[in-house]
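Good morning, colleagues. I would ask you to keep the sequence and the structure in view while I speak.

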Amino acid sequence: MTDLHVVDATADHAEEIVAVIHHAFSSRRVLDPPSTALSENATTVTDTVNKHGGLLVRLNGSPAGAVLFEESGDGGGYFAVVYRAVTV
């Protein structure tokens with residue numbers, strides 16, 4: 001049986017999220033312009049999670065995916081939460 005859990009990410013999950021991001025993006029071909037995903041680190045992920053939130057997916061107890069959120073708005077009442085990074 002598959003044990004799948006999605007949790008609200010906290011600063012305590014930063015290292016796991018970085019590992020998921022680096023694993024996923026290191027396997028991809030180089031993009032033009034290049035992705036900034038491999039420059040993510042515990043500090044950048046912690047900052048994002050603290051400011052905007054995110055999710056960590058665990059499959060059978062191991063980190064298997066992550067979503068980092070980013071708020072976007074035009075200052076005129078428009079507001080949206082966008083996905084900054086989705087990694088599986």
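The largest nonpolar core of this predicted model has 14 residues. Those with the most contacts inside this core are Ile-17, Ile-21, Phe-25, Val-45, Val-49 and Leu-68. Which elements give two or more residues to it? They are α1, spanning 14–26, α2, spanning 42–51, and β3, spanning 62–73. The largest share, 7 residues, comes from α1. As a general remark, nonpolar side chains in soluble globular proteins tend to be buried together.

I turn next to helix α2. Which residues of α2 are buried? Val-45, Thr-46, Thr-48 and Val-49 are buried there. Viewed down the axis of α2, the buried residues fall within an arc of 165°, so they line one face of the helix. In general, an α-helix has 3.6 residues a turn, so residues three or four places apart point the same way. On the other side of α2, the exposed residues are Thr-43, Asn-50 and Lys-51.

After α2 comes Gly-53, which has a positive phi, near 100°. A positive phi, of about 55°, is also found at Asn-60, although Asn-60 is not a glycine. Asn-60 belongs to the loop between β2 and β3.

Let me now consider charged side chains. How many salt bridges does a search of the whole structure find? The search finds 1. Arg-58 forms a salt bridge with Glu-16, and their closest N and O atoms are 2.8 Å apart. Arg-58 lies in strand β2, residues 54–59, whereas Glu-16 lies in helix α1, so the pair ties together parts that are 42 residues apart in sequence. Are these two residues buried, exposed or partly exposed? Arg-58 is partly exposed, at 22% relative accessibility. Glu-16, with a relative accessible area of 23%, is partly exposed as well. In general terms, side chains of opposite charge can pair when their charged atoms come close.

Finally, the surface. Leu-4, Val-6 and Leu-59 form a nonpolar patch there, and together they have about 270 Å² of accessible area. Of these residues, Leu-59 is found in strand β2. Leu-59 counts as partly exposed, at 36% relative accessibility.

Thank you for your attention.

Terms used
Residues are numbered from 1 along each chain as its sequence is written. This is a predicted model: local features need pLDDT of at least 70, side-chain atom pairs count only at pLDDT 80 or more; totals for chains, interfaces and linings use all residues. Side-chain values use heavy atoms; hydrogens and water are left out. A nonpolar core is a set of buried Ala, Val, Leu, Ile, Met, Phe, Trp, Tyr and Cys residues joined through side-chain atoms within 4.5 Å. Buried means under 20% relative accessible area, exposed over 50%, partly exposed in between (1.4 Å probe, protein chains only). Helices (H or I, at least four residues) and strands (E, at least two) are DSSP runs, numbered from the N terminus. A salt bridge is a side-chain nitrogen of Lys or Arg within 4 Å of a carboxyl oxygen of Asp or Glu. The arc is that of the directions from the helix axis to the C-beta atoms. Patches are made of residues with over 30% relative accessible area and no salt bridge: like charges are joined within 9 Å, nonpolar side chains (Val, Leu, Ile, Met, Phe, Trp, Tyr) within 5 Å. Accessible areas come from the Shrake-Rupley method with a 1.4 Å probe; for residues, only the protein chains shown count as cover.
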